[in-house]
Amino acid sequence: FDFIVRSDEEADIWLASLRSAGPSSSAGQWRDRLRRWPASRLVCNDSEMCLETAKDPLALSAELLRCAVRSQGADSTSVRQLCSLSCALKGLDLSGLSPQDLWCFWVNVFHSLLIQSCTQFGRPRNLRQLLSFYNNCSYIVAGHVFSLAEIEHCVLRCDMQRASARFLNLLVRVWRRSDKEFEERSSLRAPSSPASSFKCRADWRLNLVLSAGNTASAPRIPVFERMTE
């Protein structure tokens, strides 16, 4: 949509009104009625429109993860800020990230989604809820929808050795998309990113830093940022 206003002041009023609605705890609000992605998905960052494109995706992902950590057990204002910031992921251009920065970006995004999903939908309490949690809780990133399972197995581990395919297919439900679909058929309008932006190079250190949010994972979550020279 294009909004035409008469002045900057009127534009600010529109932006404030669009951002004033807080998120609901009801899962129904997070499902997509336009069928742009699988019906079971719970998309955490589609409560607001993305009106600007962040210039530094890696810096945004680091800020988002810090905001997610602060929001745990906080008041509704902090949760609302997290939801608003995560909406900026929708319109990103990932084409300018180096392979290392891209890896760091997706690790930050995975952990942010993990924390935000627990905040909005609650922690899974049994195996069935756990599988549904990882297969359905999602972010829109650069115009495409990714669940926790898809970020881990289709983006971060796409070129790494995997568990038995039969065993993995029993547990993980992913939306298979071709390189052409990533480049030409986004779920939302966003700057075009190459298909390579949605596939990270293999890095064994992923096994050391990726947290599943359980007692078997590391007690702390790293925040990755670009090193300054």
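Q: Is Arg66 buried, exposed or partly exposed, and what is its relative accessibility?
A: Arg66 counts as partly exposed, at 36% relative accessibility. This is a predicted model.

Q: Which residue does the side chain of Arg66 meet in a salt bridge?
A: Glu225; the N to O distance in that salt bridge is 2.9 Å.

Q: Where do Arg66 and Glu225 lie?
A: Arg66 is in helix α2, and Glu225 is in the segment after α9. The pair therefore ties together parts that are 159 residues apart in sequence.

Q: How many salt bridges does a search of the whole structure find?
A: Eleven.

Q: Which residue forms a salt bridge with Asp56?
A: Arg226, with the closest N and O atoms 2.9 Å apart. Asp56 lies in the loop between β1 (42–43) and α2, while Arg226 lies in the segment after α9, so this pair ties together parts 170 residues apart in sequence.

Q: What are the relative accessible areas there, starting with Asp56?
A: Asp56 has 28%, which makes it partly exposed. Arg226 is partly exposed too, with 38%.

Q: What about Glu181, which side chain does it meet in a salt bridge?
A: That of Arg185, at 3.8 Å from N to O. Glu181 is partly exposed, with a relative accessible area of 25%. Arg185 is exposed, its relative accessible area being 61%.

Q: Which residues do salt bridges that share partners join into one network?
A: Arg36, Asp46 and Lys90.

Q: Changing topic: which residues of helix α3 are buried?
A: In α3, which spans residues 76–86, the buried ones are Val79, Leu82, Cys83, Leu85 and Ser86.

Q: Why are they on the same side of α3?
A: Because they cover an arc of only 165 degrees around the helix axis.

Q: What covers the buried residues of α3?
A: The cover includes α2 (57–71), α4 (99–121) and β2 (137–141).

Q: What is in the loop between α2 and α3?
A: Ala74 is found in that loop. Ala74 counts as partly exposed, at 33% relative accessibility.

Q: On to the inside: how many residues does the largest nonpolar core have?
A: It has 45 residues. Those with the most contacts inside this core are Leu94, Trp103, Phe105, Trp106, Val141 and Leu156.

Q: Which elements give two or more residues to this core?
A: They are α2, α3, α4, α5 (127–136), β2, α6 (148–156) and α9 (206–209).

Q: And where does the largest share come from?
A: From α4, which gives eleven residues to the core.

Q: Why would nonpolar side chains be buried together?
A: In soluble globular proteins, that is how nonpolar side chains tend to be.

Q: Back to Leu156: what does it touch, not counting residues up to four places away in sequence?
A: Leu156 touches Trp103, Trp106, Val107, Ile151, Cys200, Arg201, Leu206 and Leu210.

Notes
Residues are numbered from 1 along each chain as its sequence is written. This is a predicted model: local features need pLDDT of at least 70, side-chain atom pairs count only at pLDDT 80 or more; totals for chains, interfaces and linings use all residues. Side-chain values use heavy atoms; hydrogens and water are left out. Buried means under 20% relative accessible area, exposed over 50%, partly exposed in between (1.4 Å probe, protein chains only). Helices (H or I, at least four residues) and strands (E, at least two) are DSSP runs, numbered from the N terminus. The arc is that of the directions from the helix axis to the C-beta atoms. Contact means heavy atoms within 4.5 Å. A nonpolar core is a set of buried Ala, Val, Leu, Ile, Met, Phe, Trp, Tyr and Cys residues joined through side-chain atoms within 4.5 Å. A salt bridge is a side-chain nitrogen of Lys or Arg within 4 Å of a carboxyl oxygen of Asp or Glu.
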